[in-house]
Amino acid sequence: MSAADAVAAASLPWQSAGPQRLHVGAEQARAELARLADERALFLYDPAAGPAAELVEQYAGGARSLPIPAGADAGGLARAVREIGERRPRTVAVIGGGSAMDTAKLAVVLASGSEPRYAREPRSGLALLSRATGPAPALIAFPTTLGTGSETSTVARLPLGARRSRLVCSPALRPTAAVLDPCLTATLPPSLLAAGALELLLRLTGPLMGPHRIGTAAAAWMLECAATVRHTADTLLAAGPSGPPGAGGTAEPRAYLAMLSAASHHVWPRVGMSPFAFLLWYFADTAATVTATAKNAALAWLFPAYLERAVRVHERSPWADGPRARRVVNALLPDAGQDPAAVREAAAGLLRRWGITPAPPPGADPAGLGADVVSSWPRALTGISARDAAELYAAASDPAQ
């Protein structure tokens, strides 16, 4: 059994490792929602996220639910905190994508008395949580998209307004349980399916390309799973943009991607890995925040140029581990060879086949982004200057490339 196949085995202990329980498979969502409705849980949901509104109407009704639209700002988070504080539910359920889950995760811990701690100046993009002063309700996540992995991660994006945010990190942010049911992604459009597959693919391969340490077993698992994600996404997207993703027997591959995404945030694949391993993420996060664009769009824009730079590295540099980057190319783009320019074009070609255009976001200024990313993430980008970072942004923006 391969590592990727092993993740899908329902009896494996990763599904109940630590404090979190994962419910995987068809009909799991409705069974859990019915149970939570009987317990009078509070339902938070994104009304535009697939079947979320329909499920909430069926199982909760308006009296015990609160809509939290995607991209919720600080005001939306405050409303969720207030609702939890006033109702004091034993359990909160969140139905939606990464943004909705991040809002719910933060709302639960903030309602328990925790407070975010972060530098006011943009010296770091991170924030931590103070100790809770009261009990927190259990949080059950029902992800309606693929790739974010927020349902199993210990991080969440905290909106601060004026295009500013912090990435809050705490074990308290991991939901108590998550439900991975293909019915939740049955209406996911091809564009979002591709974006989710890309985010998962890069979360698996990004640490391999970067220069920071990573354990041998973790590297092997991540590379094998990345190849599985590539082939599974190819299958799901083969029908093209007009193909309905919920048709044609795609429930199984969608469930497979959901399980790999959830597993990628668990502790055991990350044993021996530096917390700063995903170098590309820091560049994309800064670009997305400054230009107010989607993180996946920023990742797609930068990925081909970063991969080209990574395979140019002979051994290791502050930018990349060259040998590991070349193994990534061999696994994901076997026809590209090792010529850096050909590797970049192959990476861009993969994105285009998935319906993703790697283009700079409006208002992207390479020099400004270079300064911003280095000042925001100095520990992660040790050895990389603002000028170096600006060169990557400029290379990704060059239409001649």
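Helix α5 is followed by G113, a residue whose phi is positive, near 105 degrees. In this predicted model, α5 covers residues 98–111 and comprises 14 residues. From its first C-alpha to its last, the helix reaches 20 Å, which is close to the 20 Å expected at 1.5 Å a residue. The helix is mostly covered, with 11 of its 14 residues buried. The buried positions begin with G98 and also take in A100, M101, D102, T103 and A104. They continue through K105, L106, A107, V108 and V109.

The chain that contains this helix has 14 helices and 10 strands. Of its 401 residues, 55% are buried. Among contacts with a separation of 6 or more, 72% are accounted for by residues 24 or more positions apart.

The mean pLDDT is 87, and 89% of the residues reach 70 or more. Among the elements of the chain, strand β7 (residues 138–143) has the highest mean pLDDT, at 97, whereas helix α1 (residues 3–7) has the lowest, at 48. The pLDDT is below 50 over residues 6–19, a stretch that has 27 contacts in the model beyond near neighbours in sequence. Over residues 240–248 the pLDDT is likewise below 50, and this stretch has 13 contacts beyond near neighbours in sequence.

Strand β2, which spans residues 42–45, contains L42. The relative accessibility of L42 is 2%, and the residue therefore counts as buried. Although 23 residues separate L42 from S65 in sequence, the two lie 5.7 Å apart in space, C-alpha to C-alpha. S65 is also one of the residues that L42 touches when residues up to four places away in sequence are not counted.

The side chain of H265 reaches the backbone oxygen of T148 at 3.4 Å. With residues up to four places away in sequence left out, H265 touches T148, G149, T152 and S153, together with the arginines R174, R203 and R270.

A search of the whole structure finds six aromatic pairs. One of these is formed by W281 and Y282 in an edge-to-face arrangement, with 5.3 Å from centre to centre and 90 degrees between the planes. Both W281 and Y282 are buried. Elsewhere among the aromatic residues, F283, W301, W319 and Y393 are linked into a cluster by ring pairs. W319, a member of this cluster, also has R309 lying over its face, at 4.3 Å from the ring centre.

Note on methods: Residues numbered from 1 in each chain as written. Predicted model: local features only at pLDDT ≥ 70, side-chain atom pairs only at ≥ 80, totals over all residues. Heavy atoms only, no water. Phe/Tyr/Trp six-rings, centres within 6.5 Å; stacked < 30°, edge-to-face > 60°. Buried < 20%, exposed > 50% of the residue type's maximum accessible area, 1.4 Å probe, protein only. Lys NZ or Arg CZ within 6 Å of the ring centre and 35° of its normal. Helix = DSSP H or I, 4+ residues; strand = E, 2+ residues; numbered from the N terminus. Expected span 1.5 Å × (residues − 1). pLDDT = per-residue confidence, 0-100. Contact = heavy atoms within 4.5 Å. Polar contact = N/O pair within 3.5 Å; in protein donor to acceptor, adjacent residues only side chain to side chain.
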